[in-house]
Amino acid sequence: MIKNTHTMNPNEFDVIIIGGGITGAGTQRDCAMRGLKTLLIERSDIATGATGRNHGLLHSGARYAVNDSESAEECIRENRILRKIAAHCIDETGGLFITLPEDDPEYQNTFVESCLRAGIEAEVIDPELARRWEPTVNQNLTGAVKVPDASIDPFRLCAANMLDAKLRGGQVRLHTTVTGFIKEGDTVRGVHTRNAQTGQVNDFYARIIVNAGGVWAQEIAAMAGAQISLYPAKGSLLIFAHRVNKHVINRCRKPSNADILVPGDTVCIVGTTSSRIPLDACDEVAVTPEEVNLLITEGSKLAPVLSSTRILRAYAGVRPLISTDKDDSGRNITRGFVILDHESRDGIKGLVSICGGKLTTYRLMAEKTTDLLCRKLGNEKKCMTAVSPLPGSEEGSYEKVAQKIWETPSTAQKAAAFRMGTRAFRMRSSDRWNDALVCKCEEVSVGEINGAIERMDASTLTDLRRRTRLGMGPCQGEFCACRAAGLLAASHGCIDREREDLNQFLQERWKGNFPIGWGDTLREAEYTQWVYKFVLGL
Amino acid sequence: MKIQEYTQSKYNFEECMKCTVCTAYCPVLQVNPLFPGPKQCGPDEERLRLKDPYFFNTALKYCMNCKRCEVACPSGVNVAALIQSARIHYDHTPPKVRDRILASTDFMGKMARPVAPVVNAVTGLGITKTVLDATLKIDHRRSFPRYSGSSFTAWLKRHRKEQAAFEEQAAYFHGCYVNYNHPQLGKDLVKVLNALGVGVQLLEKEKCCGIAMIVNGMSARAARNASVNIASIRKAVDKGLKVLSTSSTCVLTLRDEYPELLGIDNDSVREDILLATRFIFERMEAGATLHFRPDYHRRIAYHVPCHLEKLGWGVFSERLLRRIPGVEFTLLDSNCCGIAGTYGFKKENYEAAQNIGAPLFDQIRSVDPEVVACDCETCKWQIEMSTGYPVMNPISILAEALE
């Protein structure tokens with residue numbers, strides 16, 4: 001049985017999880033729910049890797065139905081579960097798979113049959129109905145299938161998992177790098193860490209360490225002497241400045257470039273491209289002009305209006321695809337996930353790696369990983385993550401939440417309820433200062449920012465962005481960044497540190513604007529520069 | 001078309017650079033903390049409304065549609081149109097009885113005209129105001145426009161023959177105010193145009209322009225009126241006539257609000273719908289002359305109504321007034337008087353309306369003119385009530401100065 005946690009050394013844990021992406025956060029929550037003492041270590045912030053750099057699509061599985069029925073079945077099962085346990089992270093948009101005149105008309109039949117076989121409710125609808133439901137869809141479509149796709153906010157999902165783990169006693173250390181493993185013979189006992197912000201060095205010990213490093217998992221495993229072969233594939237995406245579509249729009253054909261358009265919160269996102277990149281290039285991926293061109297051209301085939309809709313940013317992520325069991329050929333690359341027990345595989349005890357997988361199936365990955373950990377630790381508790389809602393998701397709809405808190409909610413209050421779910425109850429306050437807006441594009445209030453600083457480990461502006469959508473609107477931090485910097489400075493008390501943070505935040509915003517730097521976005525970026533350089537003297 | 005050569009969005013909302021100039025210029029925001037301001041209600045919240053109409057903010061009702069934000073915007077965003085359009089599409093609360101009454105300017109005019117002396121006497125009574133305040137929430141401190149016993153259309157019909165005798169013709173969109181409240185302004189226009197050798201005729205059919213309905217949640221009725229008006233205007237334009245109005249708001253509605261808010265196509269006639277002072281000014285630029293009384297003398301302070309600023313045509317009225325010999329002319333600072341049509345009549349807006357107008361009223365008092373000139377009837381009510389100075393339409397001043 002597990003040790004009584006009270007008698008443990010504060011630096012000793014049952015499980016240490018390396019990696020603050022959705023896999024790590026999900027695993028920490030599952031472990032915490034089964035009574036394990038956990039520590040999650042992340043070298044940067046939550047969802048900085050592939051977790052935060054994708055479409056934000058809750059797959060129905062339809063996209064994989066034809067070629068990978070196993071993934072498809074996993075997706076639809078998890079899709080149904082997440083709608084219940086992560087309601088406040090999901091916008092139930094529904095999805096359409098459209099057939100265009102240049103697409104193979106036969107594919108739709110194969111597609112629908114495969115979907116139904118995998119248990120996905122795919123319904124062929126009249127093209128005319130599709131045009132009515134989705135006025136911006138390519139009007140030349142010849143066929144349409146409705147599927148239960150949805151939009152999901154990966155940052156919110158990741159933060160909610162981590163928060164739940166914390167509420168159950170889990171610890172989280174962000175901006176902390178694992179610099180090496182502490183080994184005793186063939187057993188991994190702990191990790192050396194270094195805090196990137198303070199430079200402080202710490203050692204932490206655990207009975208088992210989980211490597212959930214995503215695309216960096218290979219590097220982490222190598223430090224312990226284990227070998228993993230990852231096949232990093234870069235995917236680029238474009239964010240348009242407002243929602244043009246209500247449903248997720250997919251092309252009904254074999255998965256290809258830029259054939260998904262997802263409405264996500266106040267924006268819509270088209271993607272992706274796919275190209276293999278070397279592992280050492282994963283830290284700095286940039287979107288190329290060719291990719292931008294491809295994304296606009298192909299995206300405009302889904303919704304022609306995209307060819308003349310303002311683009312906000314371009315970004316790229318790296319999929320941590322994995323080649324199974326020391327097979328270097330790459331033939332066996334799967335979109336599924338793999339749990340590597342380094343004890344049985346490499347003779348290294350106390351280390352488990354979890355690789356591959358998708359945002360939609362994160363919970364299942366966490367469940368399987370935690371099952372393995374529990375077997376090793378002799379814990380017999382059952383997994384409850386499929387039935388227990390995440391903090392914030394206890395009430396189904398944000399309308400209900402807003403109504404319960406405020407008699408006549410303002411738009412900003414409604415937006416807070418949309419983002420925070422039931423956690424917005426904390427926003428009820430008699431202090432009007434808390435209602436003042438920091439970010440006007442996304443309507444984020446002082447109360448919400450302070451809540452993220454106090455309860456969700458946000459210590460930089462970029463951290464705040466991931467937790468609250470601060471600076472994600474059309475102005476890209478033009479006005480909100482300096483306001484939020486003031487609140488952050490008040491919390492940690494260091495003006496110089498905050499000035500540097502502000503600088504970095506604006507640089508990071510510009511990085512996303514640069515590949516699409518024309519028209520209104522360029523005007524706005526230029527204007528932002530005037531404000532910060534010439535008015536504020538930054 | 002080259003991809004991404006230009007971008008398009010509803011009322012150009014994506015052009016917004018968040019510079020916040022509109023917010024600095026918004027008269028409501030200065031006095032009413034419940035109003036989130038034009039930038040937030042317009043381009044900012046439009047993105048949320050596109051996500052889900054649920055994010056519609058009821059505080060948009062505090063916008064008085066003065067359009068000063070649109071004049072201020074350096075990026076060409078139709079901020080006020082965004083706000084009004086959101087109200088039209090997403091606010092499904094039925095208009096209150098009070099709002100229906102206030103918006104039905106033509107119906108009220110028709111009902112009041114035959115019994116005008118009684119109506120005027122009754123609406124002037126303190127007890128009436130108290131009752132209206134208590135029952136309908138029409139503020140008791142407000143004075144009501146007086147109704148005329150005979151309509152302008154009846155008068156013009158009596159003079160149809162002599163007007164038809166002029167070789168040149170213009171059509172007159174008189175509006176509810178001239179027809180029911182102040183026919184003298186219409187008569188003044190006829191006098192001035194006749195002096196230029198132009199005869200005046202009515203449109204085949206004329207309905208209220210509908211602006212009060214648009215802002216009071218009755219856009220379907222406004223659209224019906226708009227269809228009738230544009231059909232009549234088209235007939236007049238086809239005959240080669242210009243369509244003139246003496247009300248800046250009616251002109252703005254016919255030209256811009258119809259296509260932008262009601263989806264009524266007026267493309268082929270829009271350029272022929274003019275404020276009367278612009279028509280007259282252009283005539284005079286082209287060589288026409290008006291003969292003014294040599295002994296005429298007036299100290300005039302001119303207030304440009306917000307909607308005329310939006311049209312950019314305040315300059316025509318200003319230049320015309322300055323041309324009258326014997327006029328001592330002061331151009332008042334650019335300010336909103338606060339009434340914004342029916343807005344200031346509502347009890348919940350009364351304080352705000354008076355506070356918005358305060359800088360204008362103060363300036364009028366310090367200039368101390370004999371008369372304030374203004375092209376808008378609701379500005380006239382507001383200024384007369386709030387300052388005690390008489391307000392005349394520039395057309396009436398021209399008519400008064402003619403030999």
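User: How is a salt bridge defined here, and which residue forms one with Arg68(B)?

Analyst: A salt bridge is a side-chain nitrogen of Lys or Arg within 4 Å of a carboxyl oxygen of Asp or Glu. In this predicted model, Arg68(B) forms one with Glu309(B), the closest N and O atoms lying 3.8 Å apart. The count between domain 1 and domain 2 of chain B is 2 salt bridges.

User: What conventions apply to the numbering and to the values?

Analyst: Residues are numbered from 1 along each chain as its sequence is written, and chains are lettered from A and ligands numbered from 1 in the order in which they are written. Local features need pLDDT of at least 70, side-chain atom pairs count only at pLDDT 80 or more, totals for chains, interfaces and linings use all residues, and side-chain values use heavy atoms, with hydrogens and water left out.

User: Where do the domains of chain B lie?

Analyst: Domain bounds come from an automatic or database domain assignment. Chain B is divided into domain 1 (10-90) and domain 2 (287-401). The C-alpha centres of these two domains of chain B are 27 Å apart. Their contact (heavy atoms within 4.5 Å) takes 13 residues from domain 1 of chain B and 14 residues from domain 2 of chain B.

User: How is the size of such an interface expressed?

Analyst: The size of an interface is often given as the accessible area lost when the parts come together. Buried area is that loss, computed with a 1.4 Å probe and summed over both parts. Domain 1 and domain 2 of chain B bury about 1200 Å² between them, 65% of it on carbon and sulfur atoms. In domain 1 of chain B, Val31(B), Met64(B) and Arg68(B) lose the most area to domain 2 of chain B, together 48% of what that side buries.

User: Is Ser151(A) buried or exposed?

Analyst: Buried means under 20% relative accessible area, exposed over 50%, and partly exposed in between (1.4 Å probe, protein chains only). Ser151(A) counts as buried because its relative accessibility is 5%.

User: Which residues does Ser151(A) contact beyond its neighbours within four places in sequence?

Analyst: Among them are Gly56(A), Cys89(A), Val262(A) and Pro263(A). Ser151(A) and Val262(A) are 111 residues apart in sequence, yet 6.7 Å apart in space, C-alpha to C-alpha. The side chain of Ser151(A) also reaches the backbone oxygen of Pro263(A) at 2.9 Å.

Technical notes
Buried area is the accessible area (1.4 Å probe) that two parts lose on being put together, summed over both. A polar contact is a pair of N or O atoms within 3.5 Å; within protein, one must be able to donate a hydrogen and the other to accept it, and residues adjacent in sequence count only if both atoms are side-chain atoms.
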